[in-house]
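I opened this model to look up its fold, its core, its side-chain pairs and its surface. My notes are kept in the order in which I went through them.

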Amino acid sequence: MTPSTPEAGFGGYLKEAIQAARFPTPTHFARAAGTDPSVVLRWLSGEQRPTIRSIERIAPVLGRGINEIVVAAYPDRVGGSPPAPLTSPIVHELGRILAPDSPIPEADRKALEAVLDRMLDPYRKVLRRRRSA
């Protein structure tokens with residue numbers, strides 16, 4: 001998601017990304033990313049921009065690509081506006097639900113994986129045919 005106005009800058013981009021990743025607050029996001037909440041608040045206010053190491057740490061938590069976040073944080077250095085997200089927020093959420101450290105019981109995770117596999121199988125076949133064409 002991109003900020004609605006140029007003035008929103010990285011803070012607006014990050015706010016939308018945190019919401020899209022379904023974190024209830026920036027503090028919840030900061031804890032999940034292993035970052036101090038005060039640092040995240042400085043990013044949101046525009047007082048500070050994240051370092052590349054911070055971007056590498058927050059990208060997977062947000063379900064975003066590193067390049068996308070770099071462009072959002074440093075448009076003055078890399079040119080352009082932030083690209084559209086590479087993945088849907090649901091992909092990120094499913095990744096968190098199915099992760100080995102998820103609080104969801106393993107039996108439920110396995111059942112969800114089986115249902116998703118059955119649902120996605122016909123589409124995988126279509127996508128394979130497209131790639132080979």
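The entries below go from the whole chain to single residues.

**Ground rules.** I am reading a predicted model, in which local features need pLDDT of at least 70 and side-chain atom pairs count only at pLDDT 80 or more, while totals for chains, interfaces and linings use all residues. I number residues from 1 along each chain as its sequence is written, and I take side-chain values from heavy atoms, with hydrogens and water left out.

**Whole chain.** I looked up the secondary structure, taking helices (H or I, at least four residues) and strands (E, at least two) as DSSP runs numbered from the N terminus, and I found eight helices and zero strands. For burial I used relative accessible area, with buried under 20%, exposed over 50% and partly exposed in between (1.4 Å probe, protein chains only); buried residues make up 29% of the 133 residues. With contact meaning heavy atoms within 4.5 Å, I noted that residues 24 or more positions apart account for 42% of the contacts with a separation of 6 or more.

**Core.** I next looked up the nonpolar core, a set of buried Ala, Val, Leu, Ile, Met, Phe, Trp, Tyr and Cys residues joined through side-chain atoms within 4.5 Å. The largest one has 23 residues, and those with the most contacts inside it are Phe10, Leu14, Phe29, Leu62 and Ile69. Helices H1 (9-20), H2 (26-33), H3 (37-45), H4 (52-62) and H5 (66-73) each supply at least two residues of this core. I then followed Phe29, which is buried at 0% relative accessibility and which, leaving aside neighbours within four places in sequence, is in contact with Leu14, Ile18, Phe23, Val40, Ile58, Val61 and Leu62.

**Aromatic pairs.** Rings of Phe, Tyr and Trp (its six-membered ring) pair if their centres lie within 6.5 Å, with planes under 30 degrees apart counted as stacked, over 60 as edge-to-face and the rest as tilted; I found two such pairs. Phe23 and Phe29 have ring centres 5.7 Å apart and planes at 65°, so I recorded this pair as edge-to-face. Phe23 is also buried, at 9% relative accessibility.

**Salt bridges.** Requiring a side-chain nitrogen of Lys or Arg within 4 Å of a carboxyl oxygen of Asp or Glu, I counted three salt bridges. Asp76 meets Arg49 at 2.8 Å, N to O; because Asp76 lies in helix H6 (residues 75-78) and Arg49 in the loop between H3 and H4, the pair ties together parts that are 27 residues apart in sequence. Asp76 is exposed at 56% relative accessibility, whereas Arg49 is partly exposed at 32%. Glu68 and Arg64 have their closest N and O atoms 2.9 Å apart, and both residues are buried. Asp117 and Arg124 also form a salt bridge, with closest N and O atoms 2.9 Å apart; Asp117 is partly exposed at 40%, and Arg124 is partly exposed at 31%.

**Surface and one further position.** I noted that Tyr123 lies in helix H8 (residues 106-132) and is exposed, with a relative accessible area of 56%. I also looked up Gly95, which is in helix H7 (residues 89-98) and is partly exposed at 42% relative accessibility. Its C-alpha atom is separated by 10.0 Å from that of Pro60, although Gly95 and Pro60 are 35 residues apart along the chain.
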